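Let's walk through this model together, from the whole fold down to single residues. Please keep the viewer open as you read.

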Amino acid sequence: MGKITGFLEFERLEEGYQPPQERVKHWREFVIGLDDAQAKVQGARCMDCGTPFCNNGCPVNNIIPDFNDLVYRGDWKHAIQVLHSTNNFPEFTGRICPAPCEAACVLNINNDPVGIKSIEHAIADRAWKEGWVTPQPPTAKTGKKVAVVGSGPAGLAAAQQLARAGHEVTVFEKNDRIGGLLRYGIPDFKLEKWLIDRRIEQMQAEGVTFRTRVLVGRLPEGSKVNNDARETIEPQQLLAEFDAVLLCGGAEQPRDLPVPGRELDGIHFAMEFLPQQNKVNAGDKLKKQIRADGKHVIVIGGGDTGSDCVGTSNRHGAASVTQFEVMPMPPEKENKPLTWPYWPLKLRTSSSHEEGCQREFAIATKAFVGKGGKVTGVQTVHVEMKDGKLVEIPGTEKEYKADLVLLAMGFVSPVATVLEAFGVERDARGNAKASTDEVGGYATNVPKVFAAGDMRRGQSLVVWAIREGRQAARAVDEYLMGASLLPR
């Protein structure tokens with residue numbers, strides 16, 4: 001362990017932030033990471049527990065006590081090697097992961113957990129700065145060709161692993177740039193896109209081929225899913241040209257809100273709103289952009305996507321931003337004896353909330369109202385939980401002024417027509433049906449077609465997508481070669 005008494009001597013140190021009044025004026029990242037000395041102190045707090053619950057709390061099973069100790073000792077080069085052994089993209093997760101590892105930290109039972117995420121962030125940035133992150137091309141080629149459909153975190157992780165195993169990997173992406181959710185779902189102020197471009201260059205040097213603006217399969221008519229494709233490839237063509245196909249598209253079908261007035265102008269899905277700003281920040285000129293300037297914005301949905309809509313609206317210069325959450329307001333502090341080491345239920349205030357937002361809990365939308373075909377308000381009622389169901393509270397009806405309504409209530413499944421085009425069976429939730437068994441895992445009912453990430457498990461975290469991409473890569477490698485040396 002780092003320092004035997006470190007957890008007794010040192011307090012948890014949070015990463016810093018640029019003040020809200022300054023950061024809302026730009027789209028750059030505003031987190032102030034730990035310097036080397038601060039990271040060393042945080043690493044010293046790690047107890048190197050006999051049973052490190054943080055390892056299992058982390059979906060990619062990062063070897064957390066080891067890299068904490070290495071940072072404490074100043075051995076940053078070995079720290080990035082340990083981190084990369086389980087996580088292809090620590091510079092992403094060190095910025096946007098909610099850190100379930102910290103919830104599982106043993107120190108979190110009766111104290112503040114080790115700042116694992118901030119240490120990971122520091123390791124990754126130091127490694128790139130020092131030039132320690134270099135291409136790792138395979139020593140030999142297998143002659144096998146693999147198509148990866150979707151370039152989000154699952155697809156990128158799988159592609160990198162398969163290329164390093166010696167396979168010829170081609171990644172197909174329907175949008176104009178690589179990155180999937182990382183590129184067009186996460187605002188630049190949380191993840192600047194040059195970080196993705198840097199990894200893409202590394203992967204290209206390792207032999208991965210990227211093809212953008214290519215739609216594999218089809219989308220439903222009138223689909224709101226972001227699509228820049230200029231070319232369509234049928235699944236049969238991929239199956240004929242490649243030895244294996246790995247489906248890593250996202251759970252892109254948004255949850256709708258079918259209440260009276262839904263057809264009014266000014267009501268949009270979050271994933272219509274957020275990608276547009278990413279494109280504008282990248283220098284694209286759009287014919288029409290959904291903007292929040294001077295508008296009263298209602299964000300329906302209390303999760304991370306809703307929070308991203310809040311931060312983006314504030315940067316547009318919204319007159320007001322109000323966020324609705326249908327569930328009751330959670331407690332400010334979790335019940336640690338009840339929830340540890342699992343992800344706790346507690347009130348979470350994001351950096352976007354701190355920039356300006358009215359939050360309403362236990363509130364349901366009854367209808368949208370409008371004038372001249374445009375939304376002008378949202379009719380609501382407060383709800384409470386009775387016998388496991390949310391029921392309306394009489395006399396709590398209210399109308400909120402709204403010029404722009406953003407629906408951020410999560411995603412129900414992958415786009416069904418894509419899976420139908422391949423003939424892939426779906427589970428009860430509409431996801432690609434594939435197990436995670438050690439033998440034959442991630443394989444669908446269609447020969448040589450595999451599925452991973454949100455397309456297989458449904459809407460989830462970036463870190464879960466990376467885990468699934470890595471595991472699916474091993475499964476594909478085993479299928480092609482009979483055995484695999486890739487880590488599972």
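Helices (H or I, at least four residues) and strands (E, at least two) are taken here as DSSP runs, numbered from the N terminus. By that count the protein has 20 helices and 20 strands. Its radius of gyration is 23 Å, close to the 23 Å that the globule rule gives for 488 residues, so the protein is as compact as a globular protein of that length. For that comparison, the radius of gyration is taken over C-alpha atoms, and the globule rule is 2.2 Å times the number of residues to the power 0.38.

Before going further, a word on where the values come from. This is a predicted model, in which local features need pLDDT of at least 70 and side-chain atom pairs count only at pLDDT 80 or more, while totals for chains, interfaces and linings use all residues. Residues are numbered from 1 along each chain as its sequence is written, and side-chain values use heavy atoms, with hydrogens and water left out.

Now for the overall picture. The C-alpha trace spans about 65 × 60 × 50 Å along the principal axes of the protein. Buried means under 20% relative accessible area, exposed over 50%, and partly exposed in between (1.4 Å probe, protein chains only); 53% of the 488 residues count as buried. The protein exposes about 21600 Å², and carbon and sulfur atoms supply 50% of that area. Accessible areas come from the Shrake-Rupley method with a 1.4 Å probe, and for residues only the protein chains shown count as cover.

As for charge, Lys and Arg count as positive and Asp and Glu as negative, with His and the chain ends not counted. Each charge is placed at NZ of Lys, CZ of Arg, CG of Asp or CD of Glu. The mean positions of the 60 positive and 62 negative charges are 2 Å apart.

Let's zoom in on strand 11 (residues 296-300), where 4 of the 5 residues are buried. Two strands pair if DSSP finds at least two bridges between them. Strand 11 and strand 12 (residues 320-325) run parallel and are joined by 5 bridges. Within this pair, Ile-300 stands opposite Phe-324 of strand 12.

Leu-257 sits in the loop between strand 9 (253-254) and strand 10 (267-269), and it counts as buried because its relative accessibility is 14%. Met-409 is 152 residues away from Leu-257 in sequence, yet their C-alpha atoms are 8.6 Å apart.

Next, find His-353 in helix 17 (residues 351-354). Its relative accessibility is 9%, so His-353 counts as buried. Not counting residues up to four places away, His-353 touches Ser-307, Gln-323, Arg-348 and Arg-359. Gly-311, 42 residues from His-353 in sequence, is 7.4 Å away from C-alpha to C-alpha.

Ala-157 in helix 10 (residues 153-164) has 0% relative accessibility and therefore counts as buried. Leaving aside neighbours within four places, Ala-157 contacts Asn-88, Phe-89, Ile-466, Gly-469 and Arg-470.

Finally, turn to the backbone. Most residues other than glycine have a negative phi, and most peptide bonds are trans. Against that background, a cis peptide bond joins Trp-340 and Pro-341, with omega about 5 degrees; Pro-341 lies in the loop between helix 16 (336-339) and helix 17. Ala-99 has a positive phi near 65 degrees and belongs to the loop between helix 7 (90-96) and helix 8 (100-104). With 7% relative accessibility, Ala-99 counts as buried. Lys-448 also has a positive phi, near 60 degrees, but Lys-448 counts as partly exposed at 24% relative accessibility.

Strand 15 (residues 374-386) and strand 16 (residues 389-392) pair in the antiparallel sense over 4 bridges, and Met-385 stands opposite Leu-390 of strand 16.

Technical notes
Contact = heavy atoms within 4.5 Å.
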